[in-house]
Amino acid sequence: MAANDIKVSIVMGSDSDMPVMSKAADILEELGIGYEMNIISAHREPEEFFTYAKEAEGRGIKVIIAGAGMAAHLPGMCAAIFPLPVIGIPMGGGALGGEDALYSIVQMPSGIPVATVAIGGGANAALLAARMLAISDDKLRDKLVAYKEGLKDQVVAKDKKLKEVGYKNYTK
Ligand code: RP5
């Protein structure tokens, strides 16, 4: 993928966030959206973080997907520096089960928005980024409509199976 095709930057505070952040990458790959992936900690390496957030727009990034756990300042600090949309993903686990990260990410002060998805919501973060990019990309819009149709087909197939085998045999 050429550097100028990279539209989404995925950033996470630690490699322990990878199981969730990889779900975002999987969706972007499925939709053919160019992305990059970074492990950058706003707390543990503030100068590197600042350089990343400051330079992202100049590198052609249109949306940042930022995931972090616990005192999750990474998405909010991205939004403080990067002027385009930031989508935050709170990580689950830890002593507070992810509620700490959820509140840290969603409770942004007025003026600096972060679009926050569910705890562990890697796939939805990528789909939201795709919908943002689809505002000015009709081909991507059509791919998103097809993706949604695919979801419907899955439910229809599950219902058909239920009718065929009955609930007692459904999971066997
Ligand atoms: C956050 O602290 C990271 O986003 C991660 O979710 C959490 C724990 O990091 P590690 O101790 O696993 O590196 O900054």
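Here is a friendly chat about a predicted model of a protein and its ligand.

Colleague: Hi! Before I get lost in the picture, what kind of model is this?

Modeller: Hi! This is a predicted model.

Colleague: Good to know. How many helices and strands does the protein have?

Modeller: There are 7 helices and 5 strands. Starting at the N terminus, the order is β-α-β-α-β-α-β-α-β-α-α-α.

Colleague: And what does the C-alpha trace span along its principal axes?

Modeller: About 60 × 40 × 30 Å.

Colleague: What share of the residues is buried?

Modeller: Buried residues account for 38% of the 172 residues.

Colleague: Let's switch to the ligand. Which residues surround the ligand?

Modeller: You'll find Gly13, Ser14, Ser16, Asp17, Arg44, Ala68, Gly69 and Met91 around the ligand.

Colleague: How far is a polar side-chain atom of Ser14 from an oxygen atom of the ligand?

Modeller: The distance for Ser14 is 2.6 Å. Asp17 also has a polar side-chain atom by a ligand oxygen, at 2.5 Å. With Gly69 it is a backbone N or O atom, which lies 3.0 Å from an oxygen atom of the ligand.

Colleague: How much of the ligand's accessible area does the protein cover?

Modeller: On its own the ligand has 360 Å² of accessible area, and the protein covers 72% of that.

Colleague: New topic. I clicked on Glu36. Where is Glu36 found?

Modeller: Glu36 is in strand S2, which runs over residues 34-39.

Colleague: Why does Glu36 count as buried?

Modeller: Glu36 counts as buried because its relative accessible area is 15%, and the cut-off for buried is under 20%.

Colleague: Which side chain does the side chain of Glu36 make a polar contact with?

Modeller: The partner is the side chain of Arg59, at 2.7 Å. Leaving out residues up to four places away in sequence, Glu36 touches several residues, including Ile6, Val8, Ser9 and Tyr52.

Colleague: Ser9 is on that list, so tell me about that one. Is Ser9 buried or exposed?

Modeller: Ser9 is buried, with a relative accessible area of 0%. You can find Ser9 in strand S1, residues 6-12. The side chain of Ser9 makes a polar contact with the side chain of Tyr52, at 2.6 Å. Among the residues that Ser9 touches beyond four places in sequence are Asn38, Val63 and Ile65.

Colleague: Now a helix, please. Where is the place of Ala25?

Modeller: Ala25 sits in helix H1, residues 18-31. Ala25 counts as buried, at 5% relative accessibility. Not counting residues up to four places away in sequence, Ala25 touches Ile10, Tyr35 and Met37.

Colleague: How many residues apart in sequence are Ala25 and Ile65?

Modeller: They are 40 residues apart in sequence. In space, C-alpha to C-alpha, Ala25 and Ile65 are 10.0 Å apart.

Colleague: One last thing: what is the phi of Met70?

Modeller: Met70 has a positive phi of about 60°, although it is not a glycine.

Colleague: Why is that worth a second look?

Modeller: Because most residues other than glycine have a negative phi.

Colleague: Where does Met70 lie?

Modeller: Met70 is in the loop between strand S3 (63-68) and helix H3 (74-81). Met70 is exposed, with a relative accessible area of 58%.

Notes:
Residues numbered from 1 in each chain as written. Predicted model: local features only at pLDDT ≥ 70, side-chain atom pairs only at ≥ 80, totals over all residues. Heavy atoms only, no water. Helix = DSSP H or I, 4+ residues; strand = E, 2+ residues; numbered from the N terminus. Buried < 20%, exposed > 50% of the residue type's maximum accessible area, 1.4 Å probe, protein only. Near = heavy atom within 4 Å. Polar contact = N/O pair within 3.5 Å; in protein donor to acceptor, adjacent residues only side chain to side chain. Areas by Shrake-Rupley, 256 points an atom, 1.4 Å probe, with all protein chains shown as cover. Contact = heavy atoms within 4.5 Å.
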